[in-house]
Amino acid sequence: MVKWLKRILLGLGSLILLGLGLFLWLAPAYVDDAFNSPLDHAPYAVSAEAAEVFDSLPGVADLHADALLWKRDLSRENRRGQLDIPRLASGKVGLQVFGVVTKSPRGQNYEANSADTDNITLLSMAQLWPPRTWFSLKERALYQSQKLQRFADGSGGALVFVRGRQALDTVVAPRAARQSVTAGFLGLEGAHALEGELANLDALYEAGFRMFGLAHFFDNAVAGSVHGLEKYGLTELGRQVVQRAQALGIILDLAHASHAAIADTLALASQPLVFSHGGVKGVCNTNRNLTDDEIRGIAETGGLIGLGAWDAAACGTTPAGLAKAMAYVKALVGPEHVALGTDFDGAVKSSYGVTEYDAVVDALLKEGFSAAEVEAAMIGNALRVFNAVLPD
């Protein structure tokens, strides 16, 4: 009887270990594929003029993508997800901001979320991130910084982890000479990763973070979120964070921030501000998108509006929807404040991918953009702001 019981327990233990192994192997890939697969669409017809304009671009700049969150080898072309280094090269991406997600509430929605739950804890465990990341938001941010460095080191020069103006210049010049080089930047998606400590901003700066989002999908100790429960403005700590970030040369990102927090940050701005990814209410009236006054306020700082083509950003998922939102910003404050902010790999669905930016160029030309304005929107404006804010 004892022998049979031992065999049964051993068998159950083996099944549990097998099930755990299958979970760790299959679950992250399944979640990644479910959240980040592009929508099926026919190939876009691109005019000869658009093809010529696209070919003349020194590159493309995208202000936000969340590829570092997922268990995916970015050094090779993947069949799942929306972004990797080979596809960045195919899409002529010269500047890519990698957003770093450290916490996401269960039941995440656009209207109201509590900070009491978190999906990333289980995801970090399932993807076998180091144990130090399981219960520390700061460590999750630092680990993703290390991931970007590893991908850059193994890219053969195709991806360069950039932290300052001089390094950016060394990447842009080869790209203009038709060499496939992408400048990779780190952007923090939400100040909750500071864990309530101003000193942690300096630690993240030392790790290479050069764009800083005040909030994500819930209110935090620095600022309210447009998706939070209270949606308050900057806290006292938040004001200190804004001032310290500007002193360091970190680009402040207003995406996901509450409307009160946007107003408070605009009042403290001494450098160009960025809204890295989202939309505008004049085209798509969702609570996350910017009002006309907010667009004007960001433009007055010399900043950028990064526009995406998922449904809640543009009320459409195509290059035409993206171009319509870009045209709205251009008409309101001028073409020098228009930028691209895809949110690829951020659990959004769009009907174009990183290798189809020529279709975006085609749509912009149809919206009345000149070739010079297309270049400004696709990369020039981003380079101007990065060079204005980044440290040497």
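1. How do the axes of helix 8 and helix 9 cross, and within what distance do they come? The axes of helix 8 (residues 236–248) and helix 9 (residues 259–268) come within 11 Å, crossing at roughly 45°. Axes here are lines fitted to C-alpha atoms, for helices over the stretch in contact, and angles run from 0 to 180 degrees between N-to-C directions. Helices (H or I, at least four residues) and strands (E, at least two) are DSSP runs, numbered from the N terminus.

2. A word on the source: this is a predicted model, where local features need pLDDT of at least 70 and side-chain atom pairs count only at pLDDT 80 or more, while totals for chains, interfaces and linings use all residues. Residues are numbered from 1 along each chain as its sequence is written, and side-chain values use heavy atoms, with hydrogens and water left out.

3. Back to the helix pair: helix 8 and helix 9 are therefore oblique to each other (angles under 35 degrees count as roughly parallel, over 145 as roughly antiparallel, 65 to 115 as roughly perpendicular and the rest as oblique). On the helix 8 side, R239, V242, Q243 and Q246 meet D264, T265 and L268 of helix 9, where contact means heavy atoms within 4.5 Å. By class, this contact has two nonpolar, three polar and two charged residues (Asp, Glu, Lys and Arg count as charged; Ala, Val, Leu, Ile, Met, Phe, Trp, Tyr, Cys and Pro as nonpolar; the others, Gly among them, as polar).

4. Please look at N113, in the loop between strand 2 (93–100) and helix 4 (120–126). With a relative accessible area of 4%, N113 is buried (buried means under 20%, exposed over 50%, partly exposed in between, with a 1.4 Å probe and protein chains only). The N113 side chain reaches the backbone oxygen of N109 at 2.7 Å. Leaving aside residues up to four places away in sequence, N113 touches several others, including P105, F217, F218 and H227.

5. Two backbone angles deserve a glance. Most residues other than glycine have a negative phi. K92, not a glycine, has a positive phi of about 60°, and E195 also has a positive value, near 55°. K92 lies in the loop between helix 3 (85–90) and strand 2 and counts as buried at 12% relative accessibility. E195, in the loop between strand 4 (182–189) and helix 7 (199–206), is partly exposed at 38%.

6. Lastly, D345 sits in the loop between strand 9 (338–340) and helix 13 (357–366). D345 counts as buried, at 0% relative accessibility.

How values were computed:
Polar contact = N/O pair within 3.5 Å; in protein donor to acceptor, adjacent residues only side chain to side chain.
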